[in-house]
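Student: I'm new to this structure and would like a close look at one part of it. Could you walk me through how a helix packs against its neighbours?

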Amino acid sequence: MPRVYLSPSLQEYNLYVNGGTEEEIANQIVDAMEKYLTASGIEFSRNKPEMSLSEAIADSNAGAYDLHLAVHSNAGPPQLAGKLQGVDAYYFYNSPKAEEFAEDIVDEMEEIYPNEEKVKAVPTATLRELRRTKAPTVLVEVGYHDNPEDAAWIKGNIDEIAKALSKAIAEYFEIPFEE
């Protein structure tokens, strides 16, 4: 049975333009994923809001996980605050398995995000959660919490986002997705 470590954002200080925090909304998405993963026969564990990022990475690395998924929302730099939109699936640049998983996420998120041209997989070497985890890892930014349209879309589509991410996991493992 496939095993996934779910790592919703630990960033309670990142505020949504329409209320709430990145940590709160990411946990709502992961909460909603649990029923889909269970129905599809995918085992999972998850971080806890009181953990630090180092503790969450260590917790993931202590288990025998086949994938690690970090769920976040994004914010533009100060000069572009509120102006950027889109979904980014970040993966470690030299991990073919993480790239494959990121592409699965892109495929599913393009189906639900209002502008599929703004959904992309992004290779990187800078994000600690991608560099330090043993399992292939993707950090997905499900939209921009400082953009009013994206923030409203995220909060209005918690279950659809959870379903898309869960479908991507099932696709990666080549198993049937069950609702």
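Student: How near do the axes of α1 and α6 come, and at what angle do they cross?

Tutor: Before we start, this is a predicted model: local features need pLDDT of at least 70, side-chain atom pairs count only at pLDDT 80 or more, and totals for chains, interfaces and linings use all residues. Residues are numbered from 1 along each chain as its sequence is written, and side-chain values use heavy atoms, with hydrogens and water left out.

Now to your helices. The axes of α1 and α6 come within 8 Å and cross at roughly 55°. Axes here are lines fitted to C-alpha atoms, for helices over the stretch in contact, and angles run from 0 to 180 degrees between N-to-C directions. Helices are DSSP runs (H or I, at least four residues), strands likewise (E, at least two), numbered from the N terminus. That angle makes α1 oblique to α6; under 35 degrees counts as roughly parallel, over 145 as roughly antiparallel, 65 to 115 as roughly perpendicular and the rest as oblique. The crossing of α1 and α6 is right-handed, meaning that the near helix is turned clockwise from the far one by less than a right angle.

Who touches whom? On the α1 side, the contact (heavy atoms within 4.5 Å) includes Ile25, Ile29 and Met33, and on the α6 side it includes Ile161, Leu165 and Ile169. By class, this contact has eleven nonpolar, two polar and three charged residues. Ala, Val, Leu, Ile, Met, Phe, Trp, Tyr, Cys and Pro count as nonpolar, Asp, Glu, Lys and Arg as charged, and the others, Gly among them, as polar.

α6 (residues 158-173) also packs with α3 (residues 96-112), at an angle of about 140° and with axes 8 Å apart. α3 and α6 are therefore oblique to each other, and α3 passes α6 in a right-handed crossing. The contact of α3 with α6 has ten nonpolar, no polar and seven charged residues.

Let's look at the core next. The largest nonpolar core has 42 residues, and Ile29, Met33, Leu69, Ile105, Leu165 and Ile169 have the most contacts inside it. Such a core is a set of buried Ala, Val, Leu, Ile, Met, Phe, Trp, Tyr and Cys residues joined through side-chain atoms within 4.5 Å, where buried means under 20% relative accessible area (1.4 Å probe, protein chains only). The largest share of this core, ten residues, comes from α6. Leaving aside neighbours within four places in sequence, Ile169 is in contact with residues including Met33, Leu37 and Phe101.

Technical notes: Buried < 20%, exposed > 50% of the residue type's maximum accessible area, 1.4 Å probe, protein only.
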